[in-house]
Amino acid sequence: MTATTPAPTALRTVESHCPYCALQCGQRLRPTTDGVEVAPREWPTSGGGMCQKGWTSASVLTAPGRLVTPWMRAAKGEALQPVSWDAALTRVADGIREVQAAHGHDAVAVFGGGGLTNEKAYTLGKWTRTVLRSRSIDYNGRFCMSSAAAAANRQLGMDRGLPFPLTDVAGAQAVLLLGSNLAETMPPAVGHLTGARGAGGLVVVDPRRSVTAELTDDGAGVHLDPVPGTDIVVLLALIHVVLAEGLADEDYLTARTTGLEDLRRSASRWWPERAEQVCGVPAGRLRAVARTLAVAAPGHGGAGAYILTGRGVEQSSHGTDTVTAAIDLALLLGLVGRRGSGYGAITGQGNGQGGREHGQKADQLPGYRSIEDPAARAHVAAVWGVDPDDLPGKGPAAIALLRSLGEEGGPRALLVHGANVRVSVPGATDVDRRLAALDLLVVADVVMSETAQAADVVLPVTQWAEEEGTMTNLDGRVIRRRRAVQPPPGVRTELEVWAELANRLGSGVRIETEASAVFDELARASAGGVADYSGIDHARLDAGEVLHWPCPATAAGQAAHPGTPRPFADGFPTPDGRARLLPVTWRPASDDRRPGAPVRLLTGRVLAHYQSGAQTRRVPELEEAAGAPFVEIHPTHAAEIGVAAGDLVRLAGAHGEAVAQARVSDRVRPGEVFMAFHWSGEGQANRLVGDAVDPISSMPELKLAAVTVTRVGAR
Ligand SMILES: Nc1nc2c(c(=O)[nH]1)N[C@H]1C(S)=C(S)[C@@H](COP(=O)(O)OP(=O)(O)OC[C@H]3O[C@@H](n4cnc5c(=O)[nH]c(N)nc54)[C@H](O)[C@@H]3O)O[C@H]1N2
Ligand SMILES: Nc1nc2c(c(=O)[nH]1)N[C@H]1C(S)=C(S)[C@@H](COP(=O)(O)OP(=O)(O)OC[C@H]3O[C@@H](n4cnc5c(=O)[nH]c(N)nc54)[C@H](O)[C@@H]3O)O[C@H]1N2
Ligand code: SF4
Ligand SMILES: [Mo]
């Protein structure tokens, strides 16, 4: 919160990766006198490209509002003031002790993020379970990856977003992209769709005519625009056609799957004409898409097909079942585990993959182990030097955790590391109330985010080009983040913060502060788990090895494990080695349009901003590209309610109200409007979105809310 952030102290030119999304585009970072110069470099996922956010990423190092000192509030209601680290950490340690003495271990909660390095995500989970001895930890990946993860785990035995290198996709003849706006959310990845587009086989499923949907123009493929929240019906109809027309890969099904008969029974009810009644996609188009995919499948001699899901289908109260239907379809066509074909979820955050493997999730220990599995507890406790009986059990998932803050029996203190919950969590008004009810809110961040502004203590921590570590990108490859500059004086790494707090809290647990040492410990903790990193270390990565997990350690004298780019090639890590076809049924969204709230609000992203915008709203070029919250509204709809482009419109629904500028556009249909969730204040989308969750993954219904839209006035 100072306009005079010191220039970073130069170190050396390094090869690293973008601070933002899971594509983790390759970058070369060269320190200069007043910052860092960022250039793209050859890298498989990004093909040497970057988007505008990557090009401007160095601005965040010196952005206005970059935190360079701890801040603290003397008492509730007083303003935040700069303080020394000693004063800030004393307050945090005292606060933790007081809350735990009065209310028990679980009364101190932790909220993490999928942008943290593997080393930080691992240490945060370990620190919470051993130093705090609290079960109350979850993270923002719950809003991102949880539905796809739950479906992949139950059907394929493992959740690795893309279980194949992204570059494999380029050779496919057909790609079914469900609820992903790749052209805005990972622009350099569009290059991998060339094969499918050339063959006329790109199918984009999105109720909006997104930039990605436009990639299907000119014979490159088809855009299916179902009624929001009915993708599962689209998929059931595709499954129906594949089975009814004998397009399934029978040999593959016999050799590699179970559950065909149950699926056949359930899909028999969804003939395309019936599906059309619910999802609005013409039956003929559904049949044509099923055939396009089948012809591309390896069993029919095609060049390959992929089915990929994004947040548009996953972020719903039936997101897990929708992904299950997508996996069912991929299995029927014999795609999964075949080279050049497959199913995958396009992971979102920079370390969205690694962040969900090393123990910041409510039910998890490192190595993607279950915290409820006695053998997993014993293994990890031994690495940590604690008694397994002292490890807490499973805690509540994000929404339940956040909802219980300050409630009777709920946590009374919260530490946030790497999330801006006041902007990104649905039911935002209630989140504000819950945070205000806490005795102690501590936020570690690199900027004064909206959540930091509400904190009692704000801790300034290192970011991206100021730190060493590893990330795991969207195709499960472990990659190195490297330090190019020294952090500004006054900024500490989170590893140092957790180690110091462990000391102050009198814990005997050792918290490593060097990233490579943390990685070595993480590797041992993960050994034997699903996400086994035990054969990886910083040195192998620095030598340029391409390592996808699982990558187990090998015995002394044996060659090192080469990593596993395509984990399902020889079987599935399920008890019987087979993938499970699972029947699912459709149910309406929790907050769908109705009399009194007749308009469907869809949410998503724009190219120029990242997530809650905490970082990108501080970058001048990005602010210029997309400076203000907006509501996309169809011209006919706009005319009906007397709205002209640029007018302010009010959206109101069961969960709250928001006001933003109308952007009149035929990307959306009449009766449907779209908002990006990157902004706070009255234009915040999450004031309108409710917190109903998927019963299996606990993913909230982030993509859909029922609202009314009215004109407020001219801009
Ligand atoms: N520019 C930018 N890029 C990012 C991010 C960012 O914030 N900004 N964040 C990163 C992260 S963490 C993530 S998770 C990814 C997300 O990447 P995507 O999943 O591509 O992103 P979204 O824009 O959230 O949603 C995709 C699409 O879902 C559509 N949609 C809404 N409702 C439905 C529905 O009912 N059915 C279907 N089929 N589609 C629907 C929306 O219209 C939208 O076009 O992006 C990553 N990359
Ligand atoms: N309605 C609606 N809501 C959504 C979504 C949607 O599509 N629609 N998408 C959801 C999805 S997919 C996601 S992933 C979430 C994301 O939501 P958030 O987690 O809120 O997203 P970010 O803005 O990435 O927040 C990261 C914060 O951590 C800070 N930070 C960056 N690096 C570090 C670090 O190393 N350490 C620490 N301590 N802090 C750091 C950043 O400055 C920022 O304040 O939003 C979800 N919310
Ligand atoms: S934000 Fe994503 S797509 Fe853009 S440069 Fe960074 S890693 Fe690449
Ligand atoms: Mo995400």
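Buried residues are those with under 20% relative accessible area, exposed residues those with over 50%, and partly exposed residues those in between (1.4 Å probe, protein chains only). By this criterion the buried residues of helix 19 (residues 494-504) are E494, L495, V497, W498, A499, L501 and A502. Helices (H or I, at least four residues) and strands (E, at least two) are DSSP runs, numbered from the N terminus. The model is predicted: local features need pLDDT of at least 70, side-chain atom pairs count only at pLDDT 80 or more, and totals for chains, interfaces and linings use all residues. Residues are numbered from 1 along each chain as its sequence is written, chains are lettered from A and ligands numbered from 1 in the order in which they are written, and side-chain values use heavy atoms, with hydrogens and water left out.

The chain contains 23 helices and 29 strands. Its radius of gyration is 24 Å, close to the 27 Å that the globule rule gives for 715 residues, so the chain is as compact as a globular protein of that length. The radius is taken over C-alpha atoms, and the globule rule is 2.2 Å times the number of residues to the power 0.38. The C-alpha trace spans about 75 × 70 × 55 Å along its principal axes. Of the 715 residues, 63% are buried. The accessible surface comes to about 23,400 Å², and 50% of it belongs to carbon and sulfur atoms; accessible areas come from the Shrake-Rupley method with a 1.4 Å probe, and for residues only the protein chains shown count as cover.

Contact means heavy atoms within 4.5 Å. Among contacts between residues at least 6 apart in sequence, 73% join residues at least 24 apart. The chain has 70 positive and 78 negative charges, and their mean positions are 1 Å apart. Lys and Arg count as positive and Asp and Glu as negative, while His and the chain ends are not counted; the place of a charge is taken as NZ of Lys, CZ of Arg, CG of Asp or CD of Glu.

The buried residues of helix 19 pack against helix 2 (85-103), helix 3 (118-132), strand 17 (413-417), strand 18 (440-445), strand 19 (457-460) and helix 20 (515-526). Helix 19 is followed by G506, which has a positive phi near 70°. R97 is placed in helix 2 and is partly exposed, with a relative accessible area of 40%. Apart from neighbours within four places in sequence, R97 is in contact with R504 and L505. The side chain of R97 reaches the backbone oxygen of R504 at 2.9 Å. The C-alpha atoms of R97 and D390, 293 residues apart along the chain, are separated by 18 Å.

In helix 4 (residues 146-156), nine of the 11 residues are buried, so this helix is largely enclosed by the rest of the structure. The buried residues are S146, S147, A148, A149, A150, A151, A152, Q155 and L156. Their cover includes helix 12, helix 13, strand 14 (342-345) and strand 23 (579-580).

S317 lies in the loop between helix 12 (311-314) and helix 13 (319-332). S317 is buried, with a relative accessible area of 8%. Not counting residues up to four places away in sequence, S317 touches R587, A589, S590, V693, D694, P695 and E701. The side chains of S317 and E701 are joined by a polar contact of 2.8 Å. A polar contact is a pair of N or O atoms within 3.5 Å; within protein, one must be able to donate a hydrogen and the other to accept it, and residues adjacent in sequence count only if both atoms are side-chain atoms.

R30, in strand 3 (residues 26-32), is partly exposed at a relative accessible area of 40%. The C-alpha atoms of R30 and A484 are separated by 6.9 Å, although the two residues are 454 apart along the chain. With residues up to four places away in sequence not counted, R30 touches T13, G35, V36 and E37.

Some backbone features fall in loops. The peptide bond from W549 to P550 is cis, with omega near 0°, and P550 is found in the loop between helix 21 (538-542) and strand 23. Y368, a residue other than glycine, has a positive phi near 60°. Y368 lies in the loop between strand 15 (364-365) and strand 16 (369-370) and counts as buried at 12% relative accessibility. S698, also not a glycine, has a positive phi of about 65° and is placed in the loop between strand 28 (672-676) and strand 29 (704-713).
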